[in-house]
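Here's a quick briefing on how one protein chain folds up. Take a look at the sequence and the structure, then read on.

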Amino acid sequence: MDHEMTQELAMTPDAVAGGRTHISDEVVEKIAVAAAKAVPGVVELGGDIARFFNAVLDRVGLDQVGDARRGCSAHVTNGGAVINLVIVTDAGHPVPEVTTAVRVEVTRAVEAYGLRVDEINIRVDDVAIDGPVG
């Protein structure tokens, strides 16, 4: 009596195709802007000129144009990101506390996408005395 032996090949989680994942600068900018906007004391992102043009766009009904990356530039090299932010803070929040919180939140958000944050440069362009600047 012959018994036929069958052998199964088990697929393990380690058996995954290789390759590279690249996250573009623009994606990092969007992630950083969303994280920065969520920080208490950040009123707006972008410098005077960007805010002027966005105010004009708001008036003509194109308020979403450029909003996702306003006030941010990023450069990704070898899995590390350098992020530059321009923010407007609320006068009721101390600038050092706001910028520290922005660095923490932006770092957390970007690292969740598998990148390393090498540097976050923040320029405080304006202080809002009575709410949003525009």
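Two strands pair if DSSP finds at least two bridges between them. Helices (H or I, at least four residues) and strands (E, at least two) are DSSP runs, numbered from the N terminus. You're looking at a predicted model, where local features need pLDDT of at least 70 and side-chain atom pairs count only at pLDDT 80 or more, while totals for chains, interfaces and linings use all residues. Residues are numbered from 1 along each chain as its sequence is written, and side-chain values use heavy atoms, with hydrogens and water left out.

**The sheet around β3**

- Strand β3 covers residues 80-90, and eight of its eleven residues are buried; buried means under 20% relative accessible area, exposed over 50%, and partly exposed in between (1.4 Å probe, protein chains only).
- Strand β1 (residues 42-45) runs antiparallel to β3, and three bridges join them; here Leu-45 sits opposite Ile-87.
- Strand β2 (residues 72-77) is also antiparallel to β3, with six bridges between them, and Ala-74 has Ile-83 as its bridge partner in β3.
- β2 and β3 make a hairpin with two residues between them, and Asn-78 in that turn has a positive phi of about 50°.
- Strand β4 (residues 116-128) runs parallel to β3, joined by eleven bridges, and Val-86 stands opposite Arg-123 in β4.
- To get from β3 to β4, the chain goes through helix α3 (residues 95-111) in a right-handed β-α-β crossover; right-handed means that, with the strands pointing away from the viewer, the path from the first strand over the helix to the second runs clockwise.

**The nonpolar core**

- A nonpolar core is a set of buried Ala, Val, Leu, Ile, Met, Phe, Trp, Tyr and Cys residues joined through side-chain atoms within 4.5 Å.
- The largest one has 25 residues, and Val-28, Ile-83, Leu-85, Val-102, Val-106 and Val-110 touch the most other members.
- In soluble globular proteins, nonpolar side chains tend to be buried together.
- Skipping neighbours within four places in sequence, Val-102 is in contact with Ala-36, Val-39, Val-42, Leu-85 and Ile-122, where contact means heavy atoms within 4.5 Å.

- How far apart are the end C-alpha atoms of α1? They are 18 Å apart, which agrees with the 18 Å that its 13 residues should span at 1.5 Å a residue; the expected span is 1.5 Å times one less than the number of residues.
- The buried residues of α1 include Val-28, Ile-31 and Ala-36, and what covers the buried residues of this helix includes β1, β2, β3 and α3.
- Over in α3 you'll find Thr-99, which is buried at a relative accessible area of 12%.
- Not counting residues up to four places away in sequence, Thr-99 touches Ile-87, Ile-122 and Val-124.

**Salt bridges**

- The structure holds three salt bridges, each one a side-chain nitrogen of Lys or Arg within 4 Å of a carboxyl oxygen of Asp or Glu.
- Arg-108 and Glu-105 meet at 3.0 Å, N to O; they are three residues apart in α3, so about one helical turn separates them.
- Asp-118 and Arg-116 meet at 2.7 Å, N to O; Asp-118 is partly exposed at 44%, and Arg-116 is partly exposed at 41%.
- Asp-125 and Arg-123 meet at 3.3 Å, N to O; Asp-125 is partly exposed at 22%, and Arg-123 is partly exposed at 46%.
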